[in-house]
Each structure stands twice: as C-alpha cells, then as structure tokens.
Amino acid sequence: MLQFITHPSEKYSIAEEVQMALEGGCKWIQLRLKDATDEEFRQTALEIIPMCQEHEAFLVFDDRVELAMEMSVHGVHLGKDDMNPLLARETMGAEAIIGCTANTAADIKAFKGWDVDYVGLGPFRYTSTKAKLSPVIGLDGYRQIVKETRDADILLPLVAIGGITIDDIDDLMATGINGVAMSGAIINAPDPVDYTRQVLARLHEAFQKRKES
C-alpha cells in the first residue's frame with residue numbers, strides 16, 4: 001500500500017501533485033492542508049475529487065470530518081489532536097475509512113476494539129513536512145512496535161510515515177508493516193510520476209519476498 005499525502009510546494013499546485021501521484025499508479029490520496037481555511041480546503045478538494053474518481057483511487061481528508069461528509073469522500077485520517085476516532089465513526093458511519101496516527105505501541109494498543117481501519121505509524125525519520133514532530137522511530141523501533149502489537153493480537157494495518165524514500169522500502173517492509181506513506185520524496189523527485197511507479201514496484205517486490213520467506 002502506498003499513500004500519497006499532499007504538501008504545499010513551490011513547484012506544483014496540490015492538484016498537480018495529486019495528478020502526478022495518480023498517473024504513477026497511486027490509489028490512495030490524503031488531502032492534507034493544515035493551514036487552509038475550510039473554504040480553501042473545499043476548493044482544492046473540488047479539483048482533486050474528479051481525478052481520484054477517474055483513477056478509482058481512495059481519497060481521505062486529513063481531519064475535517066464535517067467536510068469529508070459534506071463532500072462524500074472515502075474517509076479521514078485523524079491525528080492525536082483531531083476528533084476522537086470513536087466519535088468520528090459515530091458521525092461518519094460504518095462505511096467510512098478512519099485512519100489514526102500513532103508513535104508508540106501503546107498508542108496502537110489504545111485502539112484495540114475500536115473501529116479503526118489503519119494506523120499511520122511514524123515518524124520513521126525527521127521530516128520537514130510536519131510540525132510538532134513526535135520522536136523518530138527508526139527501523140529498530142518499527143520492528144519492536146510491530147512485534148509488540150501483533151503479540152497483543154492487534155492486526156490493524158500499519159503504514160510507516162515520515163521522511164521515507166524509495167531506498168527505505170525493503171528494510172521497512174521487512175519489519176512487518178503493511179505499507180508506506182510518502183509526500184516530499186515524490187513531490188521533490190525529478191519525475192514524480194516515474195518515481196511513484198518505481199515505489200509501487202518496489203513495494204510489490206517487498207511483499208512478494210515477505211510471502212516467500
């Protein structure tokens with residue numbers, strides 16, 4: 001699984017970023033515009049919703065539960081300071097995708113029994129795309145967190161996030177996570193479309209290796 005997270009760039013508009021990720025084969029877009037007003041967020045969403053529909057890709061909003069419902073997108077990703085996931089589920093209904101942010105095994109264990117669809121686990125390393133960065137996890141941290149949560153019979157899909165590049169994929173996938181989220185690595189690549197394709201191919205190879213081992 002590859003999740004592309006939008007981030008303001010000097011080179012591209014948000015819509016251009018999303019179009020390139022989709023053209024590269026990404027099927028999961030998170031619209032993240034932390035400093036935007038609801039109206040600015042809505043206008044950007046109106047640009048990218050048809051693109052996601054055309055490419056049959058999932059679209060989730062970062063927070064903005066009310067807007068996600070208003071615009072009938074697939075769901076939301078909730079940070080630690082956003083709406084409580086239980087309230088979001090009650091508000092959005094059973095069909096909505098609800099993802100949550102975690103930094104530790106304890107964070108993930110707190111979701112046990114909750115109707116959460118996936119966990120964004122990070123940051124892997126320092127990233128300039130996120131303010132208020134939690135402590136970096138690193139490969140050893142991912143190994144330990146995956147083991148601890150699986151031992152606790154928590155099978156939520158775990159998506160690594162935070163400064164990840166294509167060269168990290170093999171090692172990260174070997175820890176037992178289920179996917180990666182990327183932003184800057186794709187946006188800043190010389191050819192974001194081709195880079196996205198390469199990331200997806202590397203993810204596929206890593207999954208195949210894990211199945212065979």
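Asp82 lies in the loop between β4 (75-78) and α4 (85-92). Helices (H or I, at least four residues) and strands (E, at least two) are DSSP runs, numbered from the N terminus. The model is predicted: local features need pLDDT of at least 70, side-chain atom pairs count only at pLDDT 80 or more, and totals for chains, interfaces and linings use all residues. Residues are numbered from 1 along each chain as its sequence is written, and side-chain values use heavy atoms, leaving out hydrogens and water.

Asp82 is buried, with a relative accessible area of 19%. Buried means under 20% relative accessible area, exposed over 50%, and partly exposed in between (1.4 Å probe, protein chains only). The Asp82 side chain reaches the backbone nitrogen of Gly79 at 2.6 Å. Leaving aside neighbours within four places in sequence, Asp82 is in contact (heavy atoms within 4.5 Å) with Lys34, Asp63 and His77.

Helix α1 is largely enclosed by the rest of the structure, because seven of its ten residues are buried. These are Ile14, Ala15, Glu17, Val18, Met20, Ala21 and Leu22. Their cover includes β1 (2-5), β2 (28-31), α2, α8 (184-187) and α9 (192-212). Just after α1, Gly25 takes a positive phi of about 105°.

The axes of α1 (residues 14-23) and α2 (residues 38-54) come within 9 Å and cross at roughly 15°. Axes are lines fitted to C-alpha atoms, for helices over the stretch in contact, and angles run from 0 to 180 degrees between N-to-C directions. Ile14, Ala15, Val18, Gln19 and Leu22 in α1 meet Thr44, Glu47, Ile48, Met51 and Cys52 in α2.

Technical notes
Polar contact = N/O pair within 3.5 Å; in protein donor to acceptor, adjacent residues only side chain to side chain.
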